[in-house]
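Me: I have a protein chain open and would like to go through it step by step. Could you help me read it?

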Amino acid sequence: MKLPCPRCRKPMVEETIERVPVDRCLRCDGVWLDEGELDRIIAAGPAPEPFEGGVEAAPKAEPMDWELLCPKCEMTMHRFRQGEVALDRCAGHGIWFDFEELDRVRRQLKSDRPAAPTVGIWSTLNRRILR
């Protein structure tokens, strides 16, 4: 069964990022990561730099003026900031990344911790939201 997109409620499709299966919405181009998947993606390296020109960007998500529901349990997710990026998280299930947010977070986390191990990013984000 395909998970519904937290942003537009359309069914998401399974894709892979850095050999990690993720759920992506083809309508708004958001990405759902289950618990632990962010650690594995971050460990694979920083996201490529954005391409500047020639290709039309994917449609951006609607403004974030409402709370999003977890695609697994349908409970309201909690919003938190990772640097300049506002993310939505369901404890125990995963994190929602709107259009381009995953790449921005990947570049930020990798540049913030160039020599540090990346295992435990999920735990770090959990501590931030629970404060």
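The conversation below covers confidence, strands, cores, salt bridges and cysteines.

Me: What is the mean pLDDT of the chain?
Reply: This is a predicted model, and the mean pLDDT of the chain is 81. Of its residues, 72% reach 70 or more.

Me: Where is confidence lowest, and where is it highest?
Reply: Confidence is lowest in helix H3, residues 121-130, with a mean of 56. The highest value belongs to strand E3, at 98.

Me: Over which residues does pLDDT stay under 50?
Reply: One such stretch is residues 53-63, for which the model has 13 contacts beyond four places in sequence. Another is residues 114-119, with five contacts of that kind.

Me: Let us turn to the strands. Which strands pair with E6?
Reply: E3 and E6 pair in the antiparallel sense over four bridges. E5 also pairs with E6 in the antiparallel sense, over three bridges.

Me: Which residues of E6 are the bridge partners of aspartate 34 and aspartate 88?
Reply: Aspartate 34 has glycine 94 as its bridge partner in E6. For aspartate 88, the partner in E6 is tryptophan 96.

Me: And how many residues lie between the strands in the hairpin of E5 and E6?
Reply: There are three residues between the strands of that hairpin, and glycine 92 takes a positive phi near 85° there.

Me: Are the faces of E6 covered or uncovered?
Reply: Both faces of E6 are covered. Gly94 and Trp96 are buried on one side, and Ile95 and Phe97 are buried on the other.

Me: Which residues touch the most other members of the largest nonpolar core?
Reply: That core has 16 residues, and those touching the most other members are Val22, Val31, Leu33, Leu38, Leu87, Phe97 and Leu102. The elements that give two or more residues to this core are E2, strand E3 (31-34), helix H1 (37-43), strand E5 (85-90), E6 and H2.

Me: What lies apart from it?
Reply: Another core, of 12 residues, lies apart from the largest one. Among its residues are Cys5, Leu68, Met77 and Trp96.

Me: New topic: how many salt bridges are there?
Reply: The count comes to eight salt bridges. One of them joins arginine 7 and aspartate 98, whose closest N and O atoms are 2.8 Å apart.

Me: What does arginine 106 pair with?
Reply: Arginine 106 meets glutamate 18 in a salt bridge of 3.0 Å, N to O. Glutamate 18 is in the loop between E1 and strand E2 (20-24) and arginine 106 is in helix H2, so this pair connects parts 88 residues apart in sequence. Arginine 106 also forms a salt bridge with aspartate 103, where the closest N and O atoms are 3.9 Å apart.

Me: Where do aspartate 103 and arginine 106 lie?
Reply: Both lie in helix H2, three residues apart, about one turn of the helix.

Me: Which residues are linked in a network of salt bridges?
Reply: Glu15, Arg24 and Asp29 are linked in such a network.

Me: What about lysine 10: where does it lie, and what is it in contact with?
Reply: Lysine 10 lies in the segment before E1 and is partly exposed, at 43% relative accessibility. Leaving aside neighbours within four places in sequence, lysine 10 is in contact with Leu3, Pro4, Cys5 and Arg27.

Me: Last, the cysteines. How many disulfides are there?
Reply: The count comes to zero disulfides. The cysteine sulfur nearest to that of cysteine 28 belongs to cysteine 5, 3.6 Å away. A disulfide requires sulfur atoms within 2.5 Å, so cysteine 28 is in no disulfide.

Methods. Residues numbered from 1 in each chain as written. Predicted model: local features only at pLDDT ≥ 70, side-chain atom pairs only at ≥ 80, totals over all residues. Heavy atoms only, no water. Salt bridge = Lys/Arg side-chain N within 4 Å of Asp/Glu carboxyl O. Buried < 20%, exposed > 50% of the residue type's maximum accessible area, 1.4 Å probe, protein only. Contact = heavy atoms within 4.5 Å. Core = buried A, V, L, I, M, F, W, Y, C linked by side-chain atoms within 4.5 Å. pLDDT = per-residue confidence, 0-100. Pairing = 2+ DSSP bridges.
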